[in-house]
Amino acid sequence: MSTIAAFYEGKSILITGATGFLGKVLMEKLFRTCPGLKVIYILVRPKAGHTLQQRVVQILNSKLFEKVKEVCPNVHEKIRAIKSDLNHSDLAISKEDMQELLSCTDIIFHCAATVRFDDHLRHAVQLNVIATQKLLLMASQMPKLKAFIHLSTAFSNCNLKHIDEVVYPCPVEPKKIIDSMEWLDDAIIDEITPKLIGDWPNTYTYSKALGETVVHQESGRLNTAIVRPSIVGATWQEPFPGWVDNTNGPSGLIIATGKGFLRGLRATPMAVADMIPVDTVVNLTLAVGWYTAVHRPKSSLVYHCTSGNLNPCYWGKIGFQVLAVFEKVPFEKAFRRPNAGLTVNTITSQYWNAINHWAPVILYDFYLRLTGRKPRMTKLMNRILKMVSMLEYFINRSWEWSTDNTEMLMSTLTPEDQRIFNFDVRQLNWLDYIENYVLGIKKYLLKEDMAGVPEAKQHLKRLRNIHYLFNTALFLIAWRLLIARSQVARNVWFFICPLYNL
Ligand SMILES: CCCCCCCCCCCCCCCCCCCCCCCCCCCC(=O)SCCNC(=O)CCNC(=O)[C@H](O)C(C)(C)COP(=O)(O)OP(=O)(O)OC[C@H]1O[C@@H](n2cnc3c(N)ncnc32)[C@H](O)[C@@H]1OP(=O)(O)O
Ligand SMILES: NC(=O)C1=CN([C@@H]2O[C@H](COP(=O)(O)OP(=O)(O)OC[C@H]3O[C@@H](n4cnc5c(N)ncnc54)[C@H](OP(=O)(O)O)[C@@H]3O)[C@@H](O)[C@H]2O)C=CC1
């Protein structure tokens, strides 16, 4: 039997962020491979008019959990949703629930976070730093606790080029930042945010760095570990390839490209695209949970869950493959034919924005207005270009992450655990992975049926014809204007015309 699965047998596990992208895959894998676990507590907040129970049922009824139901039919009995809001100063957990958590929890996986790049610093600090601190305080009162595993990001030190598996000191102590958030008003925070975050590109990466420091400071008293994934993408293998359920990171850009809105990106084709499949992150995280609890390393360890140094892929290659998949399996109802380019040149990128991004949507919105409909394309384009501008930082640079701890952990696993909890990215075939990723976006995010592919191809043919017609009309108008204004153009025209009459 798998050593890791045996370890989780009979354990009570607390997961934060279980309703998120990574949290769902973590829960799924735990239930599927460790059905002997006692209970998974999840901290959930009611959201969008859905109660806790409704949110749990929604997750368990999703496609992601189909295999779990076969292996662990009583899964709903093993999941216990605890009402909590991590934005709240006391995490808004009831006294009874708190009592149960304190006395029963064996392991904590802290995944909850705000991953928005443009979040207000106050909110980012509240969730990614203060809530982490509160959870650590809770953890310190848990007599049975064996390990506290904190999910961070490989980009928490993206101000450095080479990043080791250590917690780097922050320029300002987290405590000082937390204190200042209490008395500064939003406007002042807005003003000082750029100075505070310094070399970090956004409040997300900055607050995650502070969060790590908070975990590190507690590591003397608690058995902690930090997992740092890079850009998390769709599942590679488990429970099936290509599963994804949000538009963060590459997914949003792939949709925008496939639907024909995004026609160019300011990106460096030879920059390393350090993506990592979500199931790989989950496998490493579960192995880290086991190792930290059983081997109790003397100091708290950081694990890089990255692909660049073991099996590098590049944005140019990913871009080509994404477009190649669109040729075979296009998305439905595209606005324009998917065709995009990468450039490192800012002027070219601005030109593309004007001609390829703004001009078509402005024209289309004008047409919608003329036909009495509500214009909507300029708003959408604004959102896409905002997303692109936020991601540009990450697609124009390469980082080097050392992975000594992660490789050490891999060598510690039994061959069976290396297979069941596989996090060896050297085995990943990028072209296959990207193909499944794009198909996964189509199926699970856009909910498009493969039966609609012939119609989608037909639609693209119609768009191509419209494109040719439009270009021909544009050329004729331009030529006509030129002839009217230039003697040279008229001479060329009269020279060519007789040739046509021959
Ligand atoms: C030699 C040259 C060869 C050239 C070949 C040619 C190749 C060209 C082809 C190109 C093909 C495409 C290639 C893909 C490459 C992709 C590159 C991707 C780069 C990714 C880098 C990521 C770096 C991450 C580093 C850190 C990792 C982490 O640790 S954290 C996780 C990452 N976090 C995020 O990604 C969050 C980022 N998002 C945000 O911060 C915000 O969303 C926002 C600021 C961007 C936008 O905020 P806004 O308030 O405007 O919108 P929001 O509230 O978020 O959304 C509103 C609703 O709209 C939906 N939405 C958003 N985007 C899309 C979309 N694109 N498509 C569809 N729908 C979208 C969103 O879901 C919301 O819907 P509701 O929830 O229903 O309201
Ligand atoms: N996705 C990625 O590319 C990467 C992610 N990571 C890290 O992995 C972790 C998980 O990320 P991911 O799953 O992608 O993020 P998601 O945005 O998908 O999930 C975030 C989770 O946090 C929960 N949460 C947010 N605010 C609160 C709150 N106030 N109270 C209770 N719960 C809250 C969300 O709950 P709700 O459903 O109620 O909103 C959700 O479950 C994060 O720590 C992130 O930093 C690291 C590297 C890359």
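Colleague: What lies 2.7 Å from an oxygen atom of ligand 2?

Modeller: A polar side-chain atom of Thr-19 does. Keep in mind that this is a predicted model, where local features need pLDDT of at least 70, side-chain atom pairs count only at pLDDT 80 or more, and totals for chains, interfaces and linings use all residues. As for the bookkeeping, residues are numbered from 1 along each chain as its sequence is written, chains are lettered from A and ligands numbered from 1 in the order written, and side-chain values use heavy atoms, without hydrogens and water.

Colleague: What makes the Thr-19 pair at 2.7 Å a polar contact?

Modeller: The term means a pair of N or O atoms within 3.5 Å; inside the protein, one must be able to donate a hydrogen and the other to accept it, and residues adjacent in sequence count only if both atoms are side-chain atoms. At 2.7 Å, the Thr-19 pair is therefore a polar contact. A polar backbone atom of Gly-20 sits 2.9 Å from an oxygen atom of ligand 2, and a polar side-chain atom of Asn-87 is 3.3 Å from a nitrogen atom of that ligand.

Colleague: How much of ligand 2 does the protein bury?

Modeller: On its own, ligand 2 exposes 890 Å², and the protein buries 90% of that. Such areas come from the Shrake-Rupley method with a 1.4 Å probe; for residues, only the protein chains shown count as cover. There are 26 residues around ligand 2, and Thr-19, Arg-45, Arg-55, Tyr-204 and Lys-208 come nearest. To be near, a residue needs a heavy atom within 4 Å of the molecule or strand in question.

Colleague: Which residues come nearest to ligand 1?

Modeller: Arg-116, Phe-117, Tyr-204, Gly-249 and Gly-252, out of 30 residues around it. Tyr-204 has a polar side-chain atom 2.7 Å from an oxygen atom of ligand 1, and a polar backbone atom of Phe-117 is 2.8 Å from an oxygen atom of ligand 1. Taken alone, ligand 1 exposes 1,700 Å², of which the protein buries 75%. The elements giving two or more residues to its shell are α10 (250–258), α12 (315–328) and α14 (377–391). The largest share, six residues, comes from α10.

Colleague: Why is α10, residues 250–258, called a helix?

Modeller: Because helices are DSSP runs of H or I with at least four residues, while strands are E runs of at least two, numbered from the N terminus.

Colleague: Why does Asn-422 count as buried?

Modeller: Buried means under 20% relative accessible area, exposed means over 50%, and partly exposed is in between (1.4 Å probe, protein chains only). Asn-422 has 9%, so it counts as buried. Asn-422 sits in the loop between α16 (415–420) and α17 (430–445), and its side chain reaches the backbone nitrogen of Asp-424 at 2.9 Å. Leaving out residues up to four places away in sequence, Asn-422 touches Trp-236, Gln-237, Thr-280, Asn-283, Asp-417 and Gln-427. Contact here means heavy atoms within 4.5 Å.

Colleague: What makes Ala-48 stand out in its phi?

Modeller: Its phi is near 50°, a positive value in a residue other than glycine. Most residues other than glycine have a negative phi, and most peptide bonds are trans. Ala-48 lies in the loop between β2 (39–44) and α3 (52–60); at 71% relative accessibility, it counts as exposed. Lys-333 also has a positive phi, about 50°, and sits in the loop between α12 and β12. With 70% relative accessibility, Lys-333 counts as exposed.

Colleague: How do you know that the peptide bond from Glu-238 to Pro-239 is cis?

Modeller: Its omega is near -5°. Pro-239 is in the loop between β8 (231–233) and α10.

Colleague: Which residues touch the most other members of the largest nonpolar core?

Modeller: Of its 157 residues, Tyr-8, Ile-15, Met-27, Phe-31, Ile-42, Met-138 and Leu-409 do. A nonpolar core is a set of buried Ala, Val, Leu, Ile, Met, Phe, Trp, Tyr and Cys residues joined through side-chain atoms within 4.5 Å. Beyond its neighbours within four places in sequence, Met-138 is in contact with residues including Leu-14, Leu-91 and Ile-93.

Colleague: What does UniProt list for residues 466–483?

Modeller: An unreviewed entry gives "transmembrane region" there. UniProt positions follow the numbering used here, feature names are shortened, and annotations may be inferred rather than shown by experiment. In the model, residues 466–483 are 100% helix and 0% strand, with end C-alpha atoms 26 Å apart.
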